[in-house]
Amino acid sequence: MATATSETGSLEDTRPKTPEPPRPAEQVHVFEPYRYALPKLGPYFRDVWARRQFATHMASSTLKGQHFDSFFGQFWLVLNPMLLALVYFLLTSVLGGQSGAGTSAMNHFVGLLTGLFAFFYTRNVIQFAASSITGGGKMIINMSFPKILLPLSTTFTAMLTYFPTLLVYACFYIGVHHSVTVNILWIIPIFIIQTVFSFGLGLLFAAVTLYFRDMSTLLPYVLRIWMYITPVLFSLNYVKSEVAAGKLPHAIEAVYKWDPFSPIINSWNTVLVGNGPRPFYHGASYAPQLSEILIGAVCATLALVVGAWYFMSREREFAVRL
């Protein structure tokens, strides 16, 4: 006997089929080339200001993740550059013969420490910012926000790692001056100028690293070479004396003079060490030269304008490049 199933097919075929809901139109992303141009600056910076807490929270979270919020973490932030200063002090004393004995050796060590602390702050700002875009790839792809917040947060990170070293500055300053004078207030504009200068270069290298990934490998070597041609290990007066004695070529003195970071380092050394013939004695001048402050401010403004223009004019392409 033939069953109903064999005559009319399976029971499922006999049931009335509910019509499938219409599928939504498939979303298609079309990336078109655009002309490099700055966004509207007013809404852009209002958005940055509204999200400023994002940058500060991200900086503090980064430090917590690296255990720099603990006592030993901050202690290492101070101990590391001091040990490096001791190493460079031995190298420049033994190989370069820059320091003498007693007060002269102390003068050289304090100047070396001041220059290293300042240079490491700029180095950290640039290096952290250079890896901020490539390191925040998932965030950039999945969220819409001003990308300048990423290098801004890494600048806050470098700033928080730099502040513990100011305690060392304070100890040396009180030990040298035995009192606090009004000239110590010069560290505020010098720090602001240095931060603006470093942040501008950080923006530039953050965008460049996205286009040329090998820059992340090359940048540490570039920064180390830069440290050797700035008045960090050897003061400008020492280089001038060596050039006058015929021990160094004139090109070295020209590099020291035209380095845009030299006015900032010289200003730090003047305020904390003094530029008199006997810096640790009464009568030494601890006020930086106004010409160096102005040149440093001009260099910082140029670095910020060039870095911000290059970064902001290309940040809409970051998601595609990632």
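A residue is called buried when its relative accessible area is under 20%, exposed when that area is over 50%, and partly exposed in between, with a 1.4 Å probe and protein chains only. By that criterion, 42% of the 322 residues of the protein chain count as buried.

Colleagues, the structure before you is a predicted model, in which local features need pLDDT of at least 70, side-chain atom pairs count only at pLDDT 80 or more, and totals for chains, interfaces and linings use all residues. Residues are numbered from 1 along each chain as its sequence is written, and side-chain values use heavy atoms, with hydrogens and water left out.

The protein chain has 17 helices and zero strands; these are DSSP runs numbered from the N terminus, helices being H or I with at least four residues and strands E with at least two.

I turn to the aromatic rings. The structure holds 13 aromatic pairs. Rings of Phe, Tyr and Trp (its six-membered ring) pair if their centres lie within 6.5 Å; planes under 30 degrees apart count as stacked, over 60 as edge-to-face and the rest as tilted. One of these pairs joins Phe119 and Phe261 edge-to-face, at 5.9 Å centre to centre and 65 degrees between the planes. Phe119 belongs to helix 6 (residues 103–130), while Phe261 lies in the loop between helix 14 (250–258) and helix 15 (262–272), so that the pair links parts of the chain 142 residues apart. Both Phe119 and Phe261 are buried. Together with Phe197 and Trp226, Phe119 and Phe261 form one aromatic cluster.

A further pair, Tyr162 and Phe191, is stacked, with 5.8 Å centre to centre and 5 degrees between the planes. Tyr162 is in helix 9 (residues 149–162) and Phe191 in helix 11 (residues 187–211), 29 residues apart. Tyr162 and Phe191 are buried as well.

Finally, I come to helix packing. How do helix 15 and helix 16 pack, and at what angle? Their axes, lines fitted to C-alpha atoms over the stretch in contact, with angles from 0 to 180 degrees between N-to-C directions, lie 8 Å apart at about 140 degrees, helix 16 being residues 290–314. The two helices are therefore oblique to each other: under 35 degrees counts as roughly parallel, over 145 as roughly antiparallel, 65 to 115 as roughly perpendicular and the rest as oblique. The contact (heavy atoms within 4.5 Å) is made by Pro263, Asn266 and Ser267 of helix 15 and Glu292, Ile293, Ile295 and Gly296 of helix 16.
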